[in-house]
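Take a look at the structure below. We will visit two sites in turn.

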Amino acid sequence: MSIVAPPGVFDILPAGTKEEWKRSYIWGYLENSIRSLAACYCFQEIRTPLFERTELFLRGVGEDTDVVSKEMYTFVDRGDRSLTLRPEGTAPVMRAFIEHHLQQLSSEQRFFYIAPMFRYERSQAGRYRQHHQFGVEAIGSAAAECDAEVIDLLYTLCSRLGLSNLVVSINSIGTEGCRSAFRSELVAYLEKKYSSLSQESQIRVKVNPLRVLDSKDPGDRAIVAEAPSIQNFLSEEALSHFETVLSLLSSLKIPYKVNPFLVRGLDYYNKTVFEVTSDLLGAQDSVGGGGRYDGLLKKLGGPDLPAFGFGMGLERLIQTMLAQSVALPPPPCCTLFLIPMGAAAKRAAMLLVQQLRRQGVSVQMDLGDRKVGKALQFASQLGARYAAVLGDNELESNTIDLKLLSSGEIKNIELSALPAFFTKNH
Ligand code: HAM
């Protein structure tokens, strides 16, 4: 029996997949768009390893979070270390920042990554065991302007990609001080409703009560709608920070909705948290999310620097783009398929092909010694635009017949004029 990929993971292919979002040219297009936009906001790329010491996520993300308690791919290596495939990118970036003393380079630094993440989740549409995130982490600024410009980056990316139906939900969960007062009041309220809560929320009341607020269970939602609001527990400073972020978003013309029940699933956040959702995605509707995490670096043994960032799921982003039929560049195609006939032509074809490629023309040469008919058929299967046969006659006359495969139209061109022809026509 042949071996297939494990559940929850997928291949990204140039062709041969019915699911358009798994086509590699779309991923390439998206990654290029991300890189050029990240450069405009002066974010620089960081690459961290695929696995880290397990302790990083226990301390960084929080032992009671779903990601850490239920979803990590953890294993013991041959040196008896507990390691974990990274389930998210923020804690690893903080680890690298601390390990390399990057605060010595400058007091504010901005990173981005495009990287796979691993979570053992129940696989379903929009939820994978290996997913990819575009993440940004801006370290060193506590200013509300930092929150607003990072949200602006995400929003601008979506607009540039042609997405229009996204909703930015935003909330402030204050500082630890604000939350501890809120938590007691919330728990007192939830305990009164305990028997009506879903089983999962009953557990959360005990381990991570704030997470009950973003339960998807309809019964829980009705209870949560009447729950005390964190907004009434924000300190003056946290409230003023939040109000400044909102007014900056308004002046940047970024539409948002304040959602007082948005808390996010990872423990490191404080003050601003936000999520971007799409109503075209079904149950797994979050395209991206993030917020401020001022205490994380210090908690991991680093300098006491504030930070703000987000992570965006590329699978969901591409699925939303396709659901909205945004304009995409055409898949890359082979411009010329060259069919050499005979030993002398093969040698000449190699040189010609090298010359064209060095001028930026995409060319493939027939390597299969096919007869002309079969070779033309093969060229069509490849999706080549033009095909041409190079044999003794062509070498002698120094000209070649270029066949436009879509129409069958033929153009006779001097061999030496080929590079100019293709650079002009493409
Ligand atoms: P997160 O909300 O856990 O945040 O993940 C960010 C995004 O990754 C989600 O909004 C979603 O689009 C995508 N995602 C997460 N899990 C899956 C999955 N199993 N399958 C497909 N897509 C998924 C973080 O990871 C934080 N590190 C974000 C952050 C950066 N906060 C501050 N800086």
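What follows is a walk through a ligand site and then a pocket.

Keep in mind that this is a predicted model.

Start at the ligand. How many residues surround the ligand? There are 26, and the closest are E88, E121, E137, Y269 and S286. Sort this shell by class and you get eight nonpolar, 11 polar and seven charged residues.

Now find the strands around the ligand. β6, β10 and β11 each supply at least two residues of the shell. On the chain, β6 covers 130-139, β10 covers 286-292 and β11 covers 307-313. Which element gives the largest share? That is β10, with five residues.

Next, zoom in on single atoms. E137, one of the closest residues, places a polar side-chain atom 2.8 Å from a nitrogen atom of the ligand. R264 also uses its side chain: a polar atom there lies 2.9 Å from an oxygen atom of the ligand. F310 takes part through its backbone, where a polar atom is 3.3 Å from a ligand nitrogen. How much of the ligand does the protein cover? On its own, the ligand has 660 Å² of accessible area, and the protein covers 95% of that.

Move on to the second largest pocket. Its volume is about 470 Å³. The lining has 23 residues, and E176, R179, D267, Y268 and Y269 lie nearest the centre. Y269 is also among the residues closest to the ligand. Two helices, α6 (176-192) and α10 (296-299), each supply at least two lining residues. α6 gives the most, with three. By class, the lining divides into nine nonpolar, six polar and eight charged residues.

Definitions and conventions. Residues are numbered from 1 along each chain as its sequence is written. This is a predicted model: local features need pLDDT of at least 70, side-chain atom pairs count only at pLDDT 80 or more; totals for chains, interfaces and linings use all residues. Side-chain values use heavy atoms; hydrogens and water are left out. A residue is near a molecule or strand if one of its heavy atoms lies within 4 Å of it. A polar contact is a pair of N or O atoms within 3.5 Å; within protein, one must be able to donate a hydrogen and the other to accept it, and residues adjacent in sequence count only if both atoms are side-chain atoms. Accessible areas come from the Shrake-Rupley method with a 1.4 Å probe; for residues, only the protein chains shown count as cover. Helices (H or I, at least four residues) and strands (E, at least two) are DSSP runs, numbered from the N terminus. Ala, Val, Leu, Ile, Met, Phe, Trp, Tyr, Cys and Pro count as nonpolar, Asp, Glu, Lys and Arg as charged, and the others, Gly among them, as polar. On a 1 Å grid over the protein atoms alone, a cavity is a set of points where a 1.4 Å probe fits but cannot get out, and a pocket is an open set with protein on both sides within 12 Å along at least five of seven lines; lining residues have an atom within 4 Å of a point. Grid points are joined across faces, edges and corners, and a volume is the space filled by probe spheres set on the points.
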